[in-house]
Amino acid sequence: MNRKTITGIVLLGLLAVLPPIFIATGNAFYVDLTTRLVILAIAATSLNLVLGYGGLVSFGHAAFVGIGAYAVGIPAYHGIYGGGELIASFNGFYHIALAVILSALFALITGAICLRTKGVYFIMITMAFAQMVYYLFISLETYGADDGLVIDLRSELPLVNLDKPLQMYYFAFVSLLAALLIVRTIVRSRFGMVLQGAKGNPERMVTLGYNIYLYRLAAYVISGAMAGYAGALLGNFTTFISPDMMDWHRSGELMFMIILGGAATTLGPLMGSAAFIVVEEILSHYTVYWHLPFGLMLIAIVLFARGGVMGIITGKDKS
Amino acid sequence: MDYALLLVQTLNGVQLGLLLFLVASGLTLVFGILDFVNLAHGALYMLGAFICAWLTLALGNFLIAMVIAVPVTAGAGYLIERTVARPLYARDHLDQVLATFGLILVIDTMVHLVFGPEGIAVPLPAWLNGQLDFGANVILPTYRLLIIGFGILTAFGLFWMVTYTKIGMLIRAGASNRTMVSALGIDIQTLFAFVFALGAALAGLAGMLISPITEASIGMGNNIIITAFVVIIVGGIGSMKGAFIGAMLIGLIDTLGRSFLDTIFALFMSPAAAETSAPAISAMLIYIIMAAVLAVRPQGLFPPKAR
């Protein structure tokens, strides 16, 4: 085990025990912060599957998060409790299923088009499709347009009450653990090997007889669904959703988290989200102009990282 | 059908198309020749608008302000090329995307710091602020006609430069084979810096032209850059011809879609349904067009030959 993995596991351990301590010491604000951290970490973990392991630079992941959030917000707005007697009392199942299915569907449709292209086209097209969703929700007057939508009632689930900050937190935390486990399992499977092989040398994988288009599309759909799930959590957590959640700046931030923590590693996105939230919190505490040092930091990381950002991803020195 | 409205909206579409072309041509030049993805191109558009707006208020004349602001924006582009872009030419597109994303944050915040959080409204000289009445309900603001005229002139100037001048020849040669160009003794670094500054000036010019209509505001670059991406994806990244045709196509489709889609929808659905669905569809229209083009031609309509 290298030092980085140990840091990640320590971070997970801290996240498991810290929030009750925050509450006990009267720092409830930090529970909010850690909840946001954990939810963003799920979204970053999902992006890592395609960006880190698949080498597919998706610049539109915030759209999935947004779709997931609206999949909670819109049924809540209409007071729809889903169908079927069995789940009627727990609309959370319905909300989360809707979030996952819709974002998976969106990933399937856009992914089928985006993955026909590569390189810089892929970056721009994923970005454009995300912006399409952004403008779609801005044009929907019923759901608040660019003013956003307040979720009056959080999703109802058996055993947990999302209105209680600590229960909300642990629900997100367990979800994060599951997300990490899922991505780790996928990456170590034969499927994950093909995905990573296609990143390193697509021609070789094609020659070996793999249809890498389908493998990538499958990874893209899984990743989108997972990001949608994170969106459903985020909607439930903030109880306020707006198209701003899908702005391409959010997508850029998710990418930045991965790069910060180390792409193509299981715990990298989590560490990156933690670093991102902490830096954001500290900087925004001192100045409203915190984007300035933040942006400079981002430029410096890219310019001076050994072997470039891809070097961080592959762990190899390019020179 | 209201033909006067159709004519006015078509001209508005042409106007948007020309502004998009100014932004997209810089983007496609920089990508085609430098192989560099510049997300911060929209920030230069905004920077141009702010510099021009500030100068207009300081000097009291919009046109003089523009004449000064264009080279200043080009200078800002040159500075960015030297400090951030140049070390990244040999790097991955992901590096370029992230660094220029950081650059957007920096430029946006600097503008916020220098010019304040509010947008700046740009007053037009009286002779530009009027309207021209063409009869038959066709009344057009003088300034919009000026934008169209100016945009066409710039587009022609750009085509002339790329096609008939020595620097244009070098630009085309650099786009096809940059190693060969530098082997023939051309200072490729200077050429790159020139192209980058030229792209910045074009984006800044577009921002300046639009600022009397929309005012200079901090988010303005972020909206246009995505549309400019759609334009060059549709047109084929790296192609000037593609950028022009893509820009006109997207400009017209977007403008006409927003104004007439509800009328068209009302032909085959209830007015209420048309009224609710039309804004949503027209907001997505250009992306649907983009998806359709890509489904048929993944490299865009006019992919440059030498790539």
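Reader: How many residue pairs are in polar contact across the interface of chain A and chain B?

Author: A polar contact is a pair of N or O atoms within 3.5 Å, where within protein one atom must be able to donate a hydrogen and the other to accept it, and where residues adjacent in sequence count only if both atoms are side-chain atoms. Across the interface of chain A and chain B the rule finds 6 such residue pairs, both residues being at pLDDT 80 or more. This is a predicted model, in which local features need pLDDT of at least 70 and side-chain atom pairs count only at pLDDT 80 or more, while totals for chains, interfaces and linings use all residues. Residues are numbered from 1 along each chain as its sequence is written, chains are lettered from A and ligands numbered from 1 in the order in which they are written, and side-chain values use heavy atoms, with hydrogens and water left out.

Reader: Which elements of chain A supply at least two residues of the side that touches chain B?

Author: Helices (H or I, at least four residues) and strands (E, at least two) are DSSP runs, numbered from the N terminus. In chain A, α6 (120–139), α11 (248–261), α13 (291–304) and α14 (308–314) each supply at least two residues of the side that touches chain B. The most comes from α6(A), with 13 residues. If Ala, Val, Leu, Ile, Met, Phe, Trp, Tyr, Cys and Pro count as nonpolar, Asp, Glu, Lys and Arg as charged, and the others, Gly among them, as polar, this side of chain A divides into 32 nonpolar, 8 polar and 3 charged residues.

Reader: What is the area buried between chain A and chain B?

Author: Buried area is the accessible area (1.4 Å probe) that two parts lose on being put together, summed over both. Between chain A and chain B that comes to about 4,200 Å², of which carbon and sulfur atoms give 80%. In terms of contact (heavy atoms within 4.5 Å), 43 residues of chain A meet 48 residues of chain B.

Reader: Where does M290(B) lie, and with which residues is M290(B) in contact, leaving aside its neighbours within four places in sequence?

Author: M290(B) belongs to helix α11 (residues 271–296) of chain B. Leaving aside neighbours within four places in sequence, its contacts are I125(A), A128(A) and F129(A) in one chain and V230(B), I233(B) and V234(B) in the other. Relative accessible area sorts residues into buried (under 20%), exposed (over 50%) and partly exposed in between, with a 1.4 Å probe and protein chains only; M290(B), at 0%, counts as buried. The C-alpha atoms of M290(B) and V231(B) are 8.3 Å apart in space, although the two residues are 59 apart in sequence.

Reader: What separates D254(B) and R258(B) along helix α10 of chain B?

Author: An α-helix has 3.6 residues a turn, so residues three or four places apart point the same way. D254(B) and R258(B) are 4 residues apart in helix α10 (residues 240–266) of chain B, and are therefore separated by about one helical turn. They form a salt bridge whose closest N and O atoms are 3.2 Å apart, with D254(B) buried at 12% relative accessibility and R258(B) partly exposed at 48%.

Terms used:
Salt bridge = Lys/Arg side-chain N within 4 Å of Asp/Glu carboxyl O.
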